Each structure stands twice: as structure tokens, then as C-alpha cells.
Amino acid sequence: MSNFGEYSDSEVDRIMTNRPPSSYGSMHSDDYDEDDDDDDLKEPPNKQTETRLRLYRSESPETAITERTQTHQSSIYQDGLFLRPQSITHKEEAFPPRHDRESMSLDQSEMQSEVRTERAINEEPNDRDMEELHERDLPEPQDESASMEVQEVRTEEPVYDYDEIVLPFDEPKEPPPRPPEGSGLQFQHPHSSLTLRHVLTAMVNSLSRLQPSDISYYKRSLSSHCRFRKNYPMIADLNDPLDLADKMIEVCGLGEALYLTVRNLHNIGKDDMAKILKKTCRRALLQYDLKIAYDRRYYSLYEGRCRPGQQRYISDVYVEPVTVIKGTREPINPENEVRRIPYTIQETVIRAADIFCPLPNDTKPIRTVMMTGIPACGLTVAVNKVIIDWMEGKTNQDFQFVFPLPAKELHLSKSGDLSFLETLSSYFAEAEEIGFIEKEDCLSLFIIDALELCRHKLDFENNEIVTSARKKAPLDALLTSLIKGTLLPNARVWITSHVTAAYRIPANLIDRFVELRGFTDDKKEEYFTKRTTEPELGRKVFNHMKRSKALEIICHLPLFSWMVAFIFERAFRDPDYGKHPPGITAFYSQYIVVQMNRSFEKYRGCSVEAQKWRDEDKAFIEMMGKMAYRMILEGRDWFTVEDLTAVNLTYEDLRSRDELTTEVKRASEDNRTWTFKFVHVTIQEYMAAMYVYVAFRKHGKNVFISSQMSWLQSSNKDRAVIEMYRPAIDRMLASPNGHLDMFVRFLIGLVTPGTEDNLRGYLLNHYHPKAKGTEEVVKYINKKMKDNIHPDRRRNLELCLVELEEGKEEKRR
């Protein structure tokens, strides 16, 4: 019998230390030569090499393991690896009677870091072994106090510790390595229960308890899985538990191998073993289940509206918009083709994966982050990409769990008061029995996406303060307590919201405000070339888009970039397409329709009835256009609630259709002091032009003449459109700063057949008569271009002709 002092690790530790991980290939646990196999089968060795496992107690009381807790006796027989644990004893009884060992309680046996096979249990230690072990234990008087300490601490364990069995390992004492640039913040070392060592040890422990016949039954059950159905020979000859577990991890990966082990143990009737393994690797199993669910839920991206069969893989099309730590600049880009405003404010750019990363001058961890942005900037898509990157192991791997809580669905929880754990399990069927989420070593991320859709009051002043995840309370109180930090203070919270709803969270509860700004020029080019399987086609689309300065500017919105790419990719199938600069009016018409439909999906639902345009929706567009026209005449790009009231609209009308505007200033709680803008100044100019055009074509009203004259002519709704365009062009040419240039270009672009069709069924009737007198409009523009006008106004008239010709060509196609 070898001396215990010669060894400091268990047999599993020795094997795992001397052999490479599963990614290096199949491993065998037998170190002796294969020629000696028959001898070993005939006669077991008289002397067995015994190793001793030292388990160190961490600072956390949940492990409840002293420095010297157990000693293990190990050996390898023909039926594979087995490890014999010795229970904790006083120095007077170094080795308990056999019946005491076999009657050890389930909780005590689960706290052991290794297990025995039935053959090892039947072997009795000889007298020499007893004497040697007894002599070894006697000189260490601290063992008695250590064992007593273990028993005392275990009786004081919190109840929720029984949700998982902790197998203690030596935690790294050195600081974690610096993460690579752009990989997300690393707060600490990975939790030990999520490591390869922990999972492999737990799997070997379970498989070591199986008889040879059970191992065969287990492998046959495993062969029904798709990964092993055609490759059963790779596991057919593996009888050693370590080799079998290693091969499963090599083929399936860590999480799936663990899941298959639990499932197959149930299949062969070893429910108790499956239960112990599940409790031992509770976190790893939950993480695997969540990642599988997120793969189905978030990997497909619907661009624009959700239409079956039109989804794309998010990794194939996603280009990350620019994210900045919020400064003093407004979220609206005020630049258009006529007005150029240079940006002089320096901002701190940060990746979405790094929003919890503290800056060098930050004195405390970043717990709660508010990310805002204007509609169509890609907030929800950015959240989905962060979840996918976490699922694929690319970023933020120190978050053990990520729980997205879409604000649109929060009101769908079960009625009545629930605890936070019950609430999580109602949204995530995988998240059952997760009491360990309250522990300090369980770092989780909760994402509240689209706060503007949350129907709860979020009353931070009057709601009950919840401090325990097991205490039942209204969901509104649970949400406010989670954001405050009284509930799960160690968790991180990420909130996304349009600017109009960000005020619902008190600023003192937010550690960092960030904004999604959209695409830069480099990001635009990357998007157009990435989203197509033909990079040359993507570059052709990008170059054609740049021929229109207006499109190049508005494509900083990812949604608008999608529309341009979608239309141009189809148009370039025609070999004659792209010879002329692109028209822009058709894109804005489509953008308005798409954004209105998206607001219907958000606030009404996705049913066919909810998606229908109602009379109040059409009236809303017309009245918003009327207000935009007034703003252009006054030379301003902002509006207030009083401006809405002047056109018979309310703030609720605006809030329930918030895809076209955004809030930029809030002086007080009185909504009359709030200031709003369209998401881009060109959207305002298009809305104004659309109002003028629809008023003339649908109602027979010419807004450029006096109201009395317009009333006299309103009976004739089919007049020549030159009556509307002649005063509009004259006003544009008289403008000293060109503030009507884009407005007139949109107005002329709306008369083209292909563009007007976009309004039919929405703001115009399906069978509305075609516009008359478009040839006279072309003649009038050519006549004005011959006059001595400002070069910028002349250039705008040339672009107005582009809008007309582009519409005619589109109609012919």
C-alpha cells in the first residue's frame, strides 16, 4: 500500500491534468499496457494505488467544505474507473462501519466530488489499510474540529442552496486576464460549475455508478440521438466512464453532452442519478437550455415588417450602428442635401457589447444602462445581436444567464401576485428551480426591451420595495425593485427605449445613458455589401445610392438602408438600370407606409384586422403633414403639443404612432413643455409635400392660393396639376436659403405614376383618376431653368426632372 502523502490530487484530477481536453481527441483512462489487460481481468492486483483528494473551503458558506474533508481510494478494474470516498469522521473512528457508509443520506453523498461503483462498495478495506489510515489521521487533531465545523455550517445553509449541489474547486486567485478588445466586459473568472472540469467530473461520477449492463443500455439509448445514430461505432467499444463522457463532449459540446447524459439516465431508469446530476450541474443545464431557446427565437431577423419566409440570419446582415455614451447633442441628424451642419461635439463611442464596461474614471460598477434612439435606428436588432453573441460564446461570457424581457409582453404574465422566480419561470420554461440566482456569484443580465410598449405604471415612489426573489408582489413592484437594485442587486439591467419613454425611469437609477446613432459612411458600405451573396452587386447598389445625396444622408437609419438595398437589388436585375441618378420620393412613400404598419404591430397586434388602416390613421397622416407644412413656412423643425392641438391631434395620437417622430426636450412633467421632431428633417419635408399633394388630388384644395379661392375651386377635383406646381416652383425660386428645395422635389416626385401608386389605398382611393398635365410641369421647369436663377435652385430643378423621369421609368417596368 502506497503512502497517502505521495499524492495530492484525486484520480479524476490526475487524469484530467495529464491528458488533453476533449477537443484533442478521444482519451483512455487506462495507463497500463493493453497487453496486460487479460492478466488484470483474471486476477485483480493485491495492492491499489490510493490517492487523496484535498478540497479547500471557499470563503462562501454555501460550499461548507473544510480544507481536509474527504479522502478517496481509487482503482481501475476491467469495468472502468471507480473512486471510493471516505466519509468525514472523528479521530476516534477513522473508518465507519459498512452499514453506516451505505446509509449515508442523499445530501451527504451528493456533496462528495467523486462516486463509487457497486464493485468498489462490496470491497472491504483490510486491517492493514484500516491501521494505515488510522495512523495517518491521528497526528492531525484539527480534523475533529474541521468535521464538526462542516456539520455545523451545513445545518445553517440557506434553503435555496439545495437547488444545486456545489462541487468545490480551487478558485483562481490571480486576477482574470484582460479580455480582448470588443469582447465585452469580464467581471470575474468563469463560475466553477460552468467549467469543463466540473461538468466532466459530474458526468463521470454518474456514469461510474452504472453496471456494465447499464453502460451498454446507456450507449444504445445514446445511439438514438442524431449525432450518434450513424456513428455508433465511435462509442460502441467505450466502457470506461471517462472515455465515454469525453467522447460525448468531443462530439456534442459541453452543454449538449450534459443534457444527453441526464436524458439517457432517465431513459435507462436511473432517475435518482439523473436527479443528482441535474442538481450538480444546474447552471450549466439552464445555460444550455436558454441558448437553445434563444437560437430559435433570435437568430432569424425580419427586416422591415414580419412576413413569413422573408427572415434572414442576423449574422448575415447585421452591421452594428454607432453607439455613443450620451452627451448633449440631440439624437436627430439635422443634415439634409441643402443644409449642412458640421458636428463639433466630441462623443465617446462604445460597442453595444461593452456598455457595462466601466471607463477609466468610473468609480463604481455599471449596473443599469439605458439605451435610447430614434425609431428605425435598430434598438431591438442590437439587443438580438448581443443575445446571439452571448449564445455563441463571443462576448459577455461572464454573464451566466441572459433573460430578455420584452416590455410588450410583460402584461401577459399570470394574474395575481407572483414572486420574481415564478415570473421568470412563466416567461422562460427552462428557468425552473433557480433559487441560486440570488447568490452573489450568479451574475445575470436582464434586458427590458422597448420600454415605450410597457403597460405597467412603473411607480417608483409608491410601489412596494421587494428584496427577495421568493416574495410575491405585483409585477410592477418587481420591475421597479429590479431596476432600483433592491431585488437581485448583483444582476445587471439593460433597458432600451425610444426617447419619448425614457423619462419613465428616474435618471438617478441609471448608471449610464447610451444612444444608438445609426450608420456612418463606412457602416453603410459594409451593410450593402454584406447583406447580399454577391458582393459586386452590393457595391453597385452602394455606388448608385451615393449618386443621390439625399439618400446617402437618410441611409444613416438602418431601416432606410434596408429599403434602398431591397429595391435596388431587384432593380439591378435589369441591365439598363442605374444609368440615371435615383429618384427619392418613392423611398419616402414606402418608408411612411412601413413605419405606420410597424406602429400597428407594436400597439395593436399582428392580426389581419389590426393591420388594416383605419380612417383615423389616414387622418393622422394628413394632419401631421399639415402641421409639417406650417413648420416649413415658419422655418422651424420642432413642434409641441400645442401644434398638435392646432391640427386636431392629441399627444395620445402621437404616442401610439411614434415611428415617425421623437421627443427631444422635456422641461417639466407638463406635456405642453415637451418638444418633438420628426426623425429626420427630410421626413418633415416629405410629409408636408404629401399633405399638399393629397389636398389637391383628393380634396381639390390648392394650399398655395387663398382659402376663399380654393373653396370656389374645390368642386373640381380633377384639375391639371400644373395649377399646384406653378406657385410651388415660384416660391422655391424666391427662397433665399433654399428651405423649400426638398419640399418641392418631393411634391413633384409624388405626381409620377409609380410613386402615386404607393399612396393608393392609403391616402388616395384605389381607382383615383390619373394626374393630368404632367407634361406641362416638365415644360415649366425647363422654362425656369433658362432664366437667370441661383445655381443651387437650378440644380434642384434638375433633380426635380430626375424625380419625374424616374417615376415614368418605374411605371414602365
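**Reading a pocket and a helix pair**

The largest pocket in this predicted model is lined by 49 residues, with T380, V381, N384, D449 and R598 nearest its centre.

Q: Which helices and strands each supply at least two residues of the lining?

A: The helices are helix 15 (282-298), helix 17 (379-391), helix 23 (558-571) and helix 24 (585-603). The strands are strand 3 (300-302), strand 8 (401-406), strand 9 (444-449) and strand 10 (492-498). Helix 17 gives the most, with five residues.

Q: How do the residues of the lining divide into nonpolar, polar and charged?

A: In the lining of the largest pocket, 31 residues are nonpolar, eight are polar and 10 are charged.

Q: Now for a helix pair: at what angle do helix 20 and helix 21 pack?

A: For a pair like this, look at angle and axis distance together. Helix 20 (residues 521-530) packs against helix 21 (residues 535-546) at about 135°, and their axes are 7 Å apart. Angles over 145 degrees would count as roughly antiparallel, so this pair is oblique. The crossing of helix 20 past helix 21 is right-handed.

Q: Which residues meet where helix 20 and helix 21 pack?

A: From helix 20 come D521, K524, E525, F528 and T529, which meet P535, G538, R539, V541, F542 and M545 in helix 21. By class, this contact has five nonpolar, two polar and four charged residues.

Methods:
Residues numbered from 1 in each chain as written. Predicted model: local features only at pLDDT ≥ 70, side-chain atom pairs only at ≥ 80, totals over all residues. Heavy atoms only, no water. 1 Å grid on protein atoms, 1.4 Å probe; cavity = no way out; pocket = protein on both sides within 12 Å on 5 of 7 lines; lining within 4 Å. Helix = DSSP H or I, 4+ residues; strand = E, 2+ residues; numbered from the N terminus. Nonpolar A, V, L, I, M, F, W, Y, C, P; charged D, E, K, R; others polar. Axes fitted to C-alpha atoms, helices over the stretch in contact; angles between N-to-C directions. Parallel < 35°, antiparallel > 145°, perpendicular 65-115°, else oblique. Left-handed = near helix turned anticlockwise from the far one by under 90°. Contact = heavy atoms within 4.5 Å.
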